[in-house]
Structure formats: structure tokens, C-alpha cells
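Colleague: Could you take me through one part of this model in detail? I'd like the charged pairs, with the cut-offs you used.

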Amino acid sequence: LEDPETLKQVIHLLQNAIQDEGIKDAAVQLAADVFGDKEVLDEVVDLFQRLGQEPKVQIATQGLLVESAHNALNDPEILDHSMEFATDVVGDDVV
């Protein structure tokens, strides 16, 4: 799928196929059957473990986690709750 035109056609095919309820139901059932098999599930777990050891995956994951943390810390609602918590802690005579 390195050819852009082929990739475009595959995406178009999948988009059209998933709109058909019968195909959609069959795909869901196939996924449930495949991932319900212990041997397949064990292989998928092994694949993800090996992927997690790849330096490129680790770098990408670290970047995603850093970005997510920054987004969370900059969220106004989270900031409000953090300020309330800090105020409660500072005002607590036990602390």
C-alpha cells in the first residue's frame, strides 16, 4: 500500500463497505471471533510488546504522553480544580 492511488482506492473501498450494514455486522463478528481466540490474542499481545520495545514507538509514545500531559495541565477546568485542591491543602491545619 505504498502507492498513493492504491491506498486511496483501498480507503474508498473500506468506507463504502462499512456503510453496508451486512458487511459491517460481518466485520464486527469476524473481529470478535478472531480476537476471541486465545492463540490470536496471545500473538496480538506479543506483537504489541515487541512494538513497545521499538525506539521509534517509544519516542512517539513519549511525545504523545508529554503532549497529553501539557494539554491536561493547561485545561481551564483542571487548573481550577488544582487551585481549589492547593488552597484546601494550604488552609488545612493538619498539613
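Modeller: Confidence first: the chain's average pLDDT (the predictor's confidence in each residue, from 0 to 100) is 90, and 96% of the residues score at least 70. This is a predicted model, so local features need pLDDT of at least 70 and side-chain atom pairs count only at pLDDT 80 or more, while totals for chains, interfaces and linings use all residues. Residues are numbered from 1 along each chain as its sequence is written, and side-chain values use heavy atoms, with hydrogens and water left out.

Now the charged pairs. Searching the whole structure turns up two salt bridges, each defined as a side-chain nitrogen of Lys or Arg within 4 Å of a carboxyl oxygen of Asp or Glu. One joins K38 to D42, at 3.0 Å from N to O. These two are four residues apart in helix 3, so about one helical turn separates them; helices here are DSSP runs of H or I, at least four residues, numbered from the N terminus. K38 counts as exposed because its relative accessibility is 59%, whereas D42, at 38%, is partly exposed. For the cut-offs, buried is under 20% relative accessible area, exposed is over 50%, and partly exposed is in between (1.4 Å probe, protein chains only).

The other bridge pairs R50 with D46, their closest N and O atoms lying 3.1 Å apart. Both sit in helix 3 as well, four residues apart, about one turn of the helix. R50 is partly exposed at 45%, and D46 is partly exposed at 31%.
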